[in-house]
Amino acid sequence: MVVAGTESEDSEFGRPTVERSRSTAALLSRATFVGGMTLTVALFAVGAWNRRWIADDGLIVLRTVRNLLAGNGPVFNEGERVETNTSAAWTYVVWFFSWVTHLRLEYVVLGVTLALSMAAIVFAMIGTARLWGGAAASLLLPAGALVYIALPPARDYASSGLESGLVIFWVAVLWWLLVRWARAEQVRLAGLLVLAFWAGLAPVVRPEMTMFAAPALLMVFCAPVTVARWRPIVVRALMIAAAGLIPVGYQIWRMGYYGLPYPNTAVAKDAGGAKWKQGFTYLWDLVGPYYLWVPLLVLLVVGVLAVRPRLAGRKAEAPEERRLTVRGVRIWLRSPSAVVTLVLGSALILTVYALRVGGDFMHGRVLLTQLFMFLLPVAVVPVRLPVFGQGTTRDWSFAVIGIALLGTAGWALFAANTTAIKAGTKLTSTGIVDERIYYVLNSGHDHPILAEDYLDYPRMRAMVNDIANTPNGALLLSSPSYMSWFTAPPPLPIPEGGAGHTVYFLNLGMTSMNVPLNVRVIDQMGLAYPLAAHTDRLTDGRIGHDKNLYPDWVIVDTGMVDQHPWMPFYLDERWVSQARVAMSCPDTRALLISSRDPLTFSRFRHNFKNAMRFAKYRIDRVPKYELQRCGLPDPFPTPQR
């Protein structure tokens with residue numbers, strides 16, 4: 001009787017107790033997750049704000065935005081169609097918010113990049129929480145997200161004015177969409193098209209992100225399509241249309257407008273070249289100083305321990321579809337494990353690509369997205385509370401995961417206060433610099449954000465003064481002195497209003513943002529100057545700066561006086577004369593005309609048809625050798641012995 005009564009009470013009153021317990025556990029899990037996410041974002045925001053700045057390369061974007069707002073089109077210099085920004089999407093995002101808010105451009109780009117960086121952490125953690133199925137009986141604690149925000153480069157480029165914040169935001173949202181798709185009981189057409197559209201934005205967000213988006217789209221396309229009231233073939237056709245709408249349209253426009261199949265920055269930096277040794281140097285420059293391999297190994301172990309109970313449950317089910325057949329593989333494609341495999345595999349491919357091209361000259365910058373992707377599956381990890389006193393395996397895994405997370409938090413404190421590069425403004429043999437510290441020290445401002453902050457950078461104030469002191473126009477070439485520039489005057493007669501100014505200098509951002517739009521700003525590396533961009537890459541040049549066009553070409557191109565004493569003393573009149581003849585090379589003229597001729601339908605069509613040829617075209621930066629390459633007569637032939 002007693003036993004029967006006990007069973008009756010358990011059956012009648014035990015169920016509500018269990019339900020209340022589950023409800024409490026779910027509430028605790030949700031509160032822990034929201035609190036952890038809020039804390040992570042707050043720490044990232046504070047860290048990024050304390051290191052706020054806008055890089056010189058970030059200011060380059062603003063010059064294009066200024067031209068857009070002025071009605072000159074998406075160009076760097078009026079009358080010359082050159083795409084100087086790798087991320088087309090970033091240019092138009094900044095332009096949109098500038099147009100809406102009418103605020104100063106530097107403040108707009110600072111606010112937008114900070115907001116996107118913070119939003120990326122939110123979407124990353126929400127997507128990972130969904131990956132773990134919500135883990136109602138677990139505490140979802142921040143792990144990988146803490147590792148990312150602890151790295152000083154991650155906080156530096158959260159406010160730099162570069163597209164870094166937009167890229168990780170795009171990655172995080174795609175991660176969230178893929179996990180939602182993989183876990184959805186029933187896929188809806190709208191959600192599927194949004195996923196395809198967002199993945200299709202990859203080429204305009206950052207061209208190399210196609211290495212993540214393309215396999216993601218292929219995975220979704222090949223997985224079984226079960227959308228109510230829609231035939232699979234129609235759904236797939238709509239997916240292709242949604243994914244290709246923006247990138248295909250922009251690609252056609254880019255090839256016709258700019259005359260290139262990709263941004264001019266890819267030509268200037270010759271992203272197709274291989275510099276493996278420098279790439280591995282760049283990798284260790286990020287991994288070594290922070291001992292980054294330690295938290296990565298720890299989180300790998302944590303991920304394995306956290307996923308084991310779920311794998312055991314899946315093996316117990318052993319459904320027919322999980323066999324290694326075509327149908328089984330297709331079904332597996334729409335699963336959380338497939339999404340994780342996709343993200344980690346894409347991150348590895350992107351890392352190998354970055355190593356191949358030699359990395360970058362900015363400490364950590366081009367590996368941040370890959371690191372962000374590697375950490376996505378463990379952005380948060382589920383910690384199941386143990387059943388004390390039973391000595392189960394779960395109790396041991398709880399202890400191990402808890403200790404690992406505490407160790408990760410300790411590493412984050414160490415890394416957050418570590419200075420990886422201590423060379424200051426000096427360039428080491430690697431050519432890699434801490435970009436923020438470099439400009440902080442050179443400008444004398446703790447937070448160089450406004451264009452005028454960079455007037456205290458060497459030569460900048462002198463440039464403004466020399467432009468004001470040459471009202472008839474001139475070509476400005478940098479001199480060893482920080483107080484003046486070499487100038488080449490225009491020939492007589494001077495046109496009414498002057499012949500205009502051209503500044504030839506490497507630092508395009510600070511230069512172009514401190515002069516009016518009618519001052520032409522070009523660089524020897526070719527980011528904004530096609531003639532320099534299409535020179536051959538220097539074998540042992542500094543990564544990201546391994547092109548350097550001699551100024552003799554610029555004297556000819558700008559039409560300035562090419563004789564001494566009006567021309568700067570260090571230039572050779574013979575080289576200038578050879579450059580003049582070299583610029584008559586038909587292919588070189590065709591290249592320059594593609595970006596300088598008025599844009600008509602005929603010009604658009606010609607550019608579109610020849611974009612690939614223009615992209616591959618290269619000249620020799622030494623005028624004499626360029627004459628030989630093009631088969632042109634040398635005005636100063638070498639005497640025969």
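Author: Helices α8 and α10 cross in the left-handed sense; a crossing is left-handed if the near helix is turned anticlockwise from the far one by less than a right angle, and right-handed if clockwise. The model is predicted, so local features need pLDDT of at least 70 and side-chain atom pairs count only at pLDDT 80 or more, while totals for chains, interfaces and linings use all residues. Residues are numbered from 1 along each chain as its sequence is written, and side-chain values use heavy atoms, with hydrogens and water left out.

Helix α8 covers residues 189–200 and helix α10 residues 210–222. Helices (H or I, at least four residues) and strands (E, at least two) are DSSP runs, numbered from the N terminus. The axes of α8 and α10 lie 9 Å apart, at an angle of about 155°. Axes are lines fitted to C-alpha atoms, for helices over the stretch in contact, and angles run from 0 to 180 degrees between N-to-C directions. The pair is therefore roughly antiparallel, the label for angles over 145 degrees, with under 35 being roughly parallel, 65 to 115 roughly perpendicular and the rest oblique.

On the α8 side the contact (heavy atoms within 4.5 Å) uses L192, L195, A196, A199 and G200, and on the α10 side A213, L217 and V220. These residues divide into seven nonpolar, one polar and no charged. Here Ala, Val, Leu, Ile, Met, Phe, Trp, Tyr, Cys and Pro count as nonpolar, Asp, Glu, Lys and Arg as charged, and the others, Gly among them, as polar.

The crossing of α24 and α27 is left-handed. W575, Q578, A579, V581 and A582 of α24 touch P623, K624, E626 and L627 of α27. By class, this contact has six nonpolar, one polar and two charged residues.

Strands β3 (residues 474–478) and β5 (residues 501–504) pair in the parallel sense over four bridges, and L476 has V503 in β5 as its bridge partner.

Notes. Two strands pair if DSSP finds at least two bridges between them.
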